[in-house]
Amino acid sequence: MKSIINALKIMALSTASLAALTGCTTTQKSTQSPRTVIEQLLISEAAIRSLPRQTESPLPIPPGSNVVLNTSALTTDQTLLLQILTGWMGQQGYLVQKDEKNATYRVDVIVGALGTELAGSFIGMPPIQSVLIPFSLPELSIYKSQNQTGYIKFHMNIFEIPAGKFVGSTSDFRADSYYNNYTVLFAISFTSTDLVSPPQLGTLLRKPLKAPNIQTEELVKP
């Protein structure tokens, strides 16, 4: 038994020495908000990308129609999607109303999925805290990846008001976004993402984001 304890101590000291040579680890809270900024961007950018920008509308009703929007989903993020859809339909030439009495069509937005998924892989030694050794050991990662994906899928059912006659359904609107973080050989970390201007964490040379030049398009009066 004594030889086993001595072997564990030698292994622990060797690992601690390796950790000291390769670098130190720190503990950092990922967020102070209900959702991290990365999660928010993954969801919002996936929602925006799901909507086509072509001039020919994918809806089976003519542009200029008065419409009212309803959303059905298993997540509270449908509120964000509703506002994004309101702006998009306005750009397509539809007149979005708040009350059905002012609308000709009701557009029911059926959200099949809207959220994020997290997966990862790890090769190395996880953090160790044992009663056999008087100190804890940090995580040592030969290779570690954390992969986050934002995903959205929905379609629209359209009905006439007030008769409730079914007009038609759209095909699925789908899009995704990703943010992947990698650690190689204990201390080398980097990210890969398709997000626009994601936050930069933990870099000494970071520069503050510059405010973009915002241009508005004036409506051309007939």
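Two residues are said to be in contact when they have heavy atoms within 4.5 Å of each other. The structure is a predicted model, in which local features need pLDDT of at least 70 and side-chain atom pairs count only at pLDDT 80 or more, while totals for chains, interfaces and linings use all residues. Residues are numbered from 1 along each chain as its sequence is written, and side-chain values use heavy atoms, with hydrogens and water left out.

The protein has three helices and seven strands, taken as DSSP runs numbered from the N terminus (helices: H or I, at least four residues; strands: E, at least two). Read from the N terminus on, these elements follow the order α-α-β-α-β-β-β-β-β-β. Of the 222 residues, 30% count as buried; here buried means under 20% relative accessible area, exposed over 50%, and partly exposed in between (1.4 Å probe, protein chains only).

What lies inside? In general, nonpolar side chains in soluble globular proteins tend to be buried together. A nonpolar core is defined as a set of buried Ala, Val, Leu, Ile, Met, Phe, Trp, Tyr and Cys residues joined through side-chain atoms within 4.5 Å. The largest such core has 25 residues, and those with the most contacts inside it are Leu81, Leu85, Phe154 and Met156. Elements giving two or more residues to this core are α2 (37–49), β1 (66–72), α3 (78–91), β3 (105–125), β4 (140–160) and β6 (173–184). A second, separate core of five residues includes Leu41, Leu42, Tyr179 and Leu195. Leaving aside neighbours within four places in sequence, Phe154 is in contact with residues including Leu81, Leu85, Val109 and Phe173.

Phe173 also meets Pro52, a residue that touches Pro58, Trp88 and Gln92 as well, not counting residues up to four places away in sequence. Pro52 sits in the loop between α2 and β1. Although Pro52 and Phe173 are 121 residues apart along the chain, their C-alpha atoms are separated by 8.6 Å.

Is Gly120 buried or exposed? Gly120, in strand β3, is exposed, with a relative accessible area of 55%. Gly120 touches Ser145, Gln146 and Asn147, again not counting residues up to four places away in sequence. Ile142 lies in strand β4 and counts as partly exposed because its relative accessibility is 43%.
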